[in-house]
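Reader: I am new to reading protein models, and I would like to go through one slowly. Could you take my questions in turn?

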Amino acid sequence: MGAMSIWHWALVIVVIALLFGGRGKLSGIMGDAAKGIRAFKDGLKDDDKKDGPHDGVSSLPRTDAEKEELKR
């Protein structure tokens, strides 16, 4: 129960090989994740710029009565 069997060691070796083996697979995965997060943040910034300043006024179409009231 407390001792590590051959299967435990085999599993540990496989996990280590997957994480650190080959041409920087872990760093490549993390780099791709970072690019995705950066693109998501840039997309949010573009949406904010497109909407313009938000002063709490609804951008829904106004009724004729509201349009008349704004003209005064």
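Author: The questions and answers below go from the whole chain to a single residue.

Reader: What is the mean pLDDT of the protein, and which element has the highest mean pLDDT?

Author: This is a predicted model, and 71% of the residues of the protein reach a pLDDT of 70 or more, with a mean of 77. Where pLDDT is low, the predicted coordinates should not be read in detail. Among the elements, helix 3 (residues 64-71) has the lowest mean pLDDT, 78, while the highest, 86, belongs to helix 1.

Reader: Which helix supplies the largest share of the nonpolar patch?

Author: The patch lies on the surface and has about 1,200 Å² of accessible area together, with Trp-9, Phe-20 and Met-30 among its residues. Helix 1 (6-20) and helix 2 (25-51) each supply at least two of its residues. The largest share, 8 residues, comes from helix 1.

Reader: Is Met-30 buried or exposed?

Author: Met-30 lies in helix 2 and belongs to the nonpolar patch on the surface. Its relative accessible area is 51%, and because the cut-off for exposed is over 50%, Met-30 counts as exposed.

Reader: What percentage of the residues of the protein count as buried?

Author: The accessible surface of the protein comes to about 7,100 Å², and 64% of that belongs to carbon and sulfur atoms. A residue counts as buried under 20% relative accessible area, and of the 72 residues of the protein, the share that does so is 1%.

Methods. Residues numbered from 1 in each chain as written. Predicted model: local features only at pLDDT ≥ 70, side-chain atom pairs only at ≥ 80, totals over all residues. Heavy atoms only, no water. Patch = residues over 30% accessible without salt bridge, like charges linked within 9 Å, V, L, I, M, F, W, Y side chains within 5 Å. Areas by Shrake-Rupley, 256 points an atom, 1.4 Å probe, with all protein chains shown as cover. Salt bridge = Lys/Arg side-chain N within 4 Å of Asp/Glu carboxyl O. Helix = DSSP H or I, 4+ residues; strand = E, 2+ residues; numbered from the N terminus. Buried < 20%, exposed > 50% of the residue type's maximum accessible area, 1.4 Å probe, protein only. pLDDT = per-residue confidence, 0-100.
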